[in-house]
Amino acid sequence: MNLSISNIFESVGDYWLLMKRAFRKPEKWGIFFKQFITESDKLIIGSIPIVALISLFIGAVVVIQTDKNMNNPLIDKMYIGYMARETLVLEFCSTMVALILTGKMGSNIASELGSMRITEQIDAMEIMGINSAGYLIAPKIVSATILSPLIMLMSFIVGLFGGAMVVAILGMISMSQYVTGLQYSFNPWYVSYSMIKMSVFCFIITSVCSYFGYYAKGGSQGVGRSSTKAIVMSCALILVFNYLLTNLLL
Amino acid sequence: MITVKNLCKSFDSKLVLDNISISYKPGNCSLIIGASGSGKTVLLKNLVGLTQPDSGEVWYDSHLFTSMDETARKDVRRNIGMLFQGSALFDFATVEENVMFPMDFFTNWSREQKLERANFCLKRVNLENANKKMPSELSGGMQKRVGIARAIALNPKYLFCDEPNSGLDPTTSIVIDRLIQEITKEYNITTVINTHDMNSVMEIGDQIGFIHQGRLMWEGSSSEILDAQCRELNDFVFVSKMARQLKGME
């Protein structure tokens, strides 16, 4: 990746110009909503199985690890549930899930748009007089940004369920202790904070990956390079924005 | 009528189009010929606005296309149809949906009306019973036909074809050439075709412009090309030893 200062400024400028084009008034709202539904199905509904699977097992692992690290007999075992809840809601269900989604959703977007670029499908739309960025990119960004907080909520619930599953199977604490821990000192703002983070992260994933895919060049190798750049850049930005949002919101 | 005046374009200080001036008349198949890398595709991309020339003018009838902003260009582009070298069919849509795509954006027709028009266009290019197929299920020749059907879906005034015969066998090439010629005459379209296929030149070339190293070296008709006194053109047309002997070049 060429990281010269002029290249960075040029890329940032191109990115904002592309976003400006993408969010122009759609040619037809009906087509936009149709695309919104299609993209929601592909990007959000399609991500549910992988997010659920990972959340289930991470929830279970967090409970086991917390239990193994709580040897002090003076600390109540119900804190296992408390720790699992805090770990999941504060970091895992937003930041970690976003990084997972970068691989799943981001590579899909970058390679799809990249293929369309090199096979001249995007040029074909432009020649027809269609705002290709508005048709192809805006629905992806809008659907992921609006609906991703639901993915975060689902991940949170499934993660807690994974913890409960381990408690039920291994019996290191009673289920009532685990549930007491989950309810202990609950701050609802943490859920909102996590949902906001998820929304911002999904905006980053969809817009950055769209940018790299949309301007892909150089055949199939170029599409591959664009996908890699898109994922690396999205991950880096997610980590930076995680720090900024945590400073800002907590 | 399309008029090009003093068009120049360079990439990284390499002059690709050097002061091109030419006019294309309605009802004519106008061909741009030249060797690979001579600047044909760049000229075509400048004509349709996919790249911006460094200097010079492109006029569509009385509209100066090169000085228009994106919004004004859209109105001109709605009168443009384009057949791409690789067909550029949308791989997320069926044949029928590909042809209906521009109608979805620029007409308020009902689905039945759009379907009727799509069927008419597909019938016109002799491609029936393929409505529900995906582009990947079609042969190269069939993809070109769908590309033509999509290009004429909104009754364009201008039709651009970038290497319509590339990748096709000679028989299919002639079929595609004749189809383009018939449609041009039938609807009085201003057709500009970019090719290096001499069969096409002899078959449908009403007006031919030969480009060599970015310069328009010769202009004439298919009947004049064999007797042309342009050395670069003769080197391009009479490539084989036998042809050169017949021409008296060896």
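In helix H5 of chain A, Gln121(A), Ile122(A), Ala124(A), Met125(A), Glu126(A), Ile127(A) and Met128(A) are buried. A residue counts as buried if 20 or more other C-beta atoms lie within 10 Å of its own, as exposed if 12 or fewer do, and as partly exposed in between, with C-beta atoms placed from the backbone. The model is predicted: local features need pLDDT of at least 70 and side-chain atom pairs count only at pLDDT 80 or more, whereas totals for chains, interfaces and linings use all residues. Residues are numbered from 1 along each chain as its sequence is written, and chains are lettered from A and ligands numbered from 1 in the order in which they are written.

H5(A) spans residues 121–128 and is mostly covered, with seven of its eight residues buried. Helices (H or I, at least four residues) and strands (E, at least two) are DSSP runs, numbered from the N terminus. The cover over the buried residues of H5(A) comes from both chains. Chain A contributes helix H4 (79–118) and helix H6 (132–136), among others. The cover also includes helix H1 (40–48), H2, E6 and H3 of chain B. Gly129(A) follows H5(A) and has a positive phi, near 95°.

The contact between the chains was examined next. Here 14 residues of chain B are in contact with 13 residues of chain A. Contact requires C-beta atoms, placed from the backbone, to lie within 7 Å. On the chain B side, helix H2 (70–77), strand E6 (80–83) and helix H3 (95–106) each supply at least two residues. H3(B) gives the largest share, three residues. This side of chain B holds nine nonpolar, one polar and four charged residues. In this classification Ala, Val, Leu, Ile, Met, Phe, Trp, Tyr, Cys and Pro count as nonpolar, Asp, Glu, Lys and Arg as charged, and the others, Gly among them, as polar.

Chain A has 10 helices and zero strands. Its C-alpha atoms fill a box of roughly 70 × 40 × 35 Å along the principal axes. Of its 250 residues, 42% count as buried. Among contacts in chain A between residues at least 6 apart in sequence, 87% join residues at least 24 apart.

One helix pair in chain A is formed by H7 (residues 138–170) and H9 (residues 188–214). The axes of H7(A) and H9(A) come within 8 Å and cross at roughly 145°. Axes are lines fitted to C-alpha atoms, for helices over the stretch in contact, and angles run from 0 to 180 degrees between N-to-C directions. Residues of H7(A) in this contact include Lys140(A), Ile141(A) and Met152(A). Those of H9(A) include Ser194(A), Phe203(A) and Ser210(A). By class, the contact of H7(A) with H9(A) has 10 nonpolar, seven polar and one charged residues.

Val158(A) also lies in H7(A). Val158(A) counts as buried because it has 22 C-beta neighbours inside 10 Å. Beyond its neighbours within four places in sequence, Val158(A) is in contact with Ala52(A), Ser55(A), Leu56(A) and Gly59(A). Its C-alpha atom is separated by 18 Å from that of Pro188(A), 30 residues apart along the chain.

Chain B is assigned domain 1 (2–79 + 158–247) and domain 2 (92–155). Domain bounds come from an automatic or database domain assignment. The C-alpha centres of the two domains of chain B lie 26 Å apart. Between them, 11 residues of domain 1 are in contact with 10 residues of domain 2. Helix H6 (residues 170–187) of chain B supplies the largest share of the domain 1 side, six residues.

Chain B contains an open, antiparallel sheet of four strands in the order E2-E1-E4-E5. Strands pair if DSSP finds at least two bridges between them. Strand E2 (14–24) and strand E5 (63–64) of chain B stand at the edges with a single partner strand each, so one side of each is left without a neighbour in the sheet. Strands E1 (residues 2–11) and E4 (residues 55–60) of chain B are joined by five bridges. Val4(B) stands opposite Val58(B) in E4(B). H1(B) packs on this sheet, touching E1, E2 and E4 of chain B, and its direction makes about 60° with that of E2(B).

An open sheet of six strands in chain B has the order E6-E7-E8-E3-E9-E10, with mixed pairing. The twist averages 20° from one strand to the next. E7 (residues 158–162) and E8 (residues 190–195) of chain B pair in the parallel sense over five bridges. Thr190(B) in E8(B) is the bridge partner of Tyr158(B).

Conventions:
Contact = placed C-beta atoms within 7 Å.
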